[in-house]
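These are my notebook entries on one structure. I record what I looked up, entry by entry.

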Amino acid sequence: MNQLLASIAAYAPGLREWLLLTSVIFSIGLYGLLTRRNAVGILLAVELMLNSAALNFVIFNRFCMPARIDGSVMAIFVIAVAAAEVVVGMAIFVALYRYRGTVDVNRMDTMKDPVTSFEGPVAFNKEVLDNINKQYKSHHDH
Amino acid sequence: MTYLTLAATQGAFKTVTVSERTAQAFADGSWILALVYILAAVGALGALVTVVGLVLIYAERKIAAHFQCRLGPMRVGWHGILQTVADAIKLLLKEDVIPERADKAMHLLAPFLSMMATVMILGVLPYSPILQIVDLNIGVLYVTAISGFGVMGILLGGWSSNNKWSMVGAMRAGAQIISYEISATLALLVVVLFSGSMSLAEIVQSQDAGWWVWRAHGVGLVAFIIFVIAVTAEINRTPFDIPEGESELAAGFHTEYSGLRFSFFFLAEFINMFVVSAMAITLFLGGWMPFHIGTGGAFNGAMDLIPPVLWFFGKTSAVVFLIMWFRWTFPRLRVDQLMYLEWKVLLPIGFVNLFAAAVVVLYNLYPFPIIVP
Amino acid sequence: MTVRIRTLDELLTPPAAGSSELSTQEYFVNMGPQHPIAHGSLRLVIRLDGETVKEVIPVPGFVHRGIEKMCEKITPRQVIHLTDRLDYFSAIMNNWGVAKLVEKAAGIETNGRIETIRTIMAELQRIQSHMLWWGVLGMDLGAFTAFLYAFRDREIISELFEETIGARLTMNYVRPGGVMFDIFPDFPAKVRKLLGYLGPIMDEYDTLLSGNVILQERLRNIGVLDPKRAVALGCTGPVLRGSGVPMDLRKTAPYGRYGDVEFNVAIGTMGDCWDRYYVRMEEIRQSLRIIEQLVDGIPEGPVNVIKASARITIPEGTYYDQIETARGILGIMLVSDGKSPNPYRIHFRSPNFNNMWAVTAIAPGWRIADIISIQSSLDLVIPEIDR
Amino acid sequence: MIGPAIYTVMFWVVAASTVLFALAVVNTRKLLRAAIALMAALSTTAGFYVMLDAQFLAGVQVLVYVGGIVVLIVFAIMLTRSGELLEDHPTPERRVVGAAISIMFLILSAAAVWVSPFAEYSTGKTPPNDALSIGKALLDPGPGGYVAPFEVISLLLLAAMIGGIVIARKTPPPNQPFTSGGDLPGETDVYTPLSQRDPKRGGPVS
């Protein structure tokens, strides 16, 4: 029995295993960041990456200077920043969705040109489009 | 003679949690004993969930009935005592309906999330000095954190039902629970400040010289009232049962649930009531401590004869009764009035109260000795 | 806790676009026909912006039974049976309305005993109806205890009816030229005992619900109905009086014994849900007062001035009469061709139908939860709307 | 002997489940499910914190992430109820490119981790990771203290809160094209008459 336990304990995670784990999670987050087109999906992936970064702080704290708690403090800061990021991000996405009817990052190109195409839950007709462009122009005229 | 000193002289009530016993058994190499401890803990939790659920549902029906000049369940068993069992069997045998175009996986997951949140809290409550499964040194934080899973269960349940009323109920529940969590946490922090610990067992022991509800200069009383109001809102009970308001939302987030999964939501509500009451008494009313007047005396001695676990469940029942009393007396608030109450009434009072508590602790304006570990 | 008081003008103006509130997509929900607030089968289509009501469209008609058409095939005396099924909480008053119309049309004179019994019974029924409303309002607002309290006390009146009439809900009591059964000998004593019981009970109701701060928050300044709007919509009864219009047929066109007794008409000041609540609670007290004045001196005499088998012929013409039921004015129009004993056409002007449309005027701008308060304060009986 | 063995087994089990949940976060087509997977992944991370003797951090993780952030995300997903927000379809090209880049990153970082000589460490000493020492460190103005970052973070959170409210507000500043006040057809007019609806889908006909 004890031999079995010892052989299991031989696979105990060291610093490198922990770091490898966070690298894997970070890479998965990176993959999501690159493949998702939906802004909320991207935010989810970013949360994953932030989380693995915070975990890294704690891992280094635990293995390299176990007498201190700086890693935990940094992780708390990371969590706070993540919370702030999500609040603002979600507010922006909801506002954007309300105005444009989409949160697809590929279509968030209004800064390039006046609106020429518009896709949303309801198809916009020409009149609405012109109206928006007029507003846009009058804004610039001021 | 205070309770703890009495206990110390007798050496009887040293806090030993089940997890400590298990660890000791492992260290001693007695596998079977450790296994027995683990199984006993799991079994006790399961039994507690079942018994508390059955008892509270029966109690609610009887209390409601007597508030309303009627008898309540009388047919099944003596004074209808088996009614809840019969209802449970009926719910288990009912057809389980899942609405069309509902998100099936989420629909199945939601009640279990709700249930899990409450059961996980049961494990850290100190029922008596020797009856506690785990004593976390972040116990208060743990309880606050885990109740977040309950919100997710309700949100998912409402969203996945593919029903507008459920959706509205879920959104309301989410907003309500998150809002009132703040006030509840502020009230908890007052006790954490006074006792100087976040471990529930230590918080109970810090009330050796008197319960925080009256020993803390009125600050504790204000915190207790805020806590009771906030947790009543957190567990969606009248007058804060807006998420499931039956007359407007037709049961809200669990409209589309039936059979076993409905019973999970239903049971979670009652276990939640037990949990928050237990938290309230652990933090403010001395947990398993007996009721003492002054120091020493025959009265206190008589009180000490009652076992701590009975004190715990007795006090919890009192708070549960209070919450049920609310339900059968008050009408329901409107959702914006609810938010008004939280953000413009309870939250400022909570902050001021926390500040006052901090001043009391910091400048030691405290006539009684405070136990700071 | 303070309440933001909205003035009538502010309320009736639609909120300006871009007021500083969070915006969400508007959506429609169906309240009913199967919904706890429908109290029967009424469908309300509600356009919502978040929790704010933008528009309410009532869709009645789920319990239409063709009562008006059925009335064309039966004699006026048989019509009484059907009026029980209109607003079943005002059954006696509905009966009385038809009886009054037929008596007017056929020229039948009744005596003091009949009118006194009718008045007492109608007022008892009014109390019973308002008690039910009170309990249901409590239930709708989440205070279920009120519901059972109301039913406990309603039961006493129901037993009184049962003892006199033999029925508890569909009384079928008042008929042209009299009442169906005479009162039993110790009826006055029992009614006096009831009055002694109900007086303190009203204070208990106030303690349980009226004085509750949450109830006041839910009702005060909620769902304000402008008096002009109320009149324009044809609202009657406590809904109209709640808006401050002192319109009560018992005062303005006294019938029965109402001209002989002293009572006050309760009116509201603002037209909010609380005023409608207050008006009904006060009406219970005034009804108790009316009964108290009448019960001691019920005149002697026959309770039927015409034989039950006598044929009532109504001369050719169009007749209209109205009566104040618990929910407002029930108007009855009867067209007779003078030949057939059956009416050529009967139309009921139902108080609930007009009161129902008040919700379209009141509800926009309030929350979903306020629809509950508003619906409860309107006290609708759906079968009468659909007839 | 039993302690390390349990620790090891738990680490590998929780690590595997975390990776699975993380994969679900980036691959699920329904965003709400992705959010739930994120919740699970964050909860297992709290488990990691417990394994690393940072119980307080585990509590904060669950409290803030599950009770706050994920609930907020779920709220936002529910508020923007449309087919587009629920479904997310990456094209195959994006998948390939994304996978290539992330795998390259993984190889790079793993290699870096494997070859780097880390300082000697001892796991025997338990770190003082309780709430008390973290609180003291956060409010310590001396060297090694974190009072300045703490204040900055507080300010950041306040700014984020105000920013969130301002952005989500309906009020249109005058002549602003991008905040309309909720009156544009795209914002409110999502109602389709019954006759124009696809009975199977229930929504507007596309």
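**Entry 1: confidence in chain C.** I began with the mean pLDDT of chain C, which is 82, with 93% of its residues at 70 or more. I note that pLDDT is the predictor's confidence in each residue, from 0 to 100. Over residues 6–24 of chain C the pLDDT falls below 50, and this stretch has 29 contacts in the model beyond near neighbours in sequence. I take contact as heavy atoms within 4.5 Å. Where pLDDT is low, the predicted coordinates should not be read in detail.

**Entry 2: basis of the entries.** I record that this is a predicted model, in which local features need pLDDT of at least 70 and side-chain atom pairs count only at pLDDT 80 or more, while totals for chains, interfaces and linings use all residues. Residues are numbered from 1 along each chain as its sequence is written, chains are lettered from A and ligands numbered from 1 in the order in which they are written, and side-chain values use heavy atoms, with hydrogens and water left out. For the model I noted an ipTM of 0.75 and a pTM of 0.80.

Entry 3: For chain A I found an average pLDDT of 76, with 68% of the residues scoring at least 70. Chain B averages 80, and 92% of its residues score at least 70.

**Entry 4: chain D against chain B.** I found 27 residues of chain D in contact with 28 residues of chain B. The two chains bury about 2400 Å² between them, 81% of it on carbon and sulfur atoms; buried area is the accessible area (1.4 Å probe) that two parts lose on being put together, summed over both. On the side of chain D that touches chain B, the elements giving two or more residues are α2 (31–51) and α3 (55–79) of chain D. Of these, α3(D) gives the most, with 14 residues. I count that side as 17 nonpolar, four polar and six charged residues, with Ala, Val, Leu, Ile, Met, Phe, Trp, Tyr, Cys and Pro as nonpolar, Asp, Glu, Lys and Arg as charged, and the others, Gly among them, as polar. Between chain D and chain B I found zero salt bridges, a salt bridge being a side-chain nitrogen of Lys or Arg within 4 Å of a carboxyl oxygen of Asp or Glu.

**Entry 5: salt bridges elsewhere.** Over all chains, my search of the whole structure gave 33 salt bridges. I looked up B:Glu269 and B:Arg237, whose side chains meet at 3.5 Å, N to O.

Definitions and conventions
Helix = DSSP H or I, 4+ residues; strand = E, 2+ residues; numbered from the N terminus.
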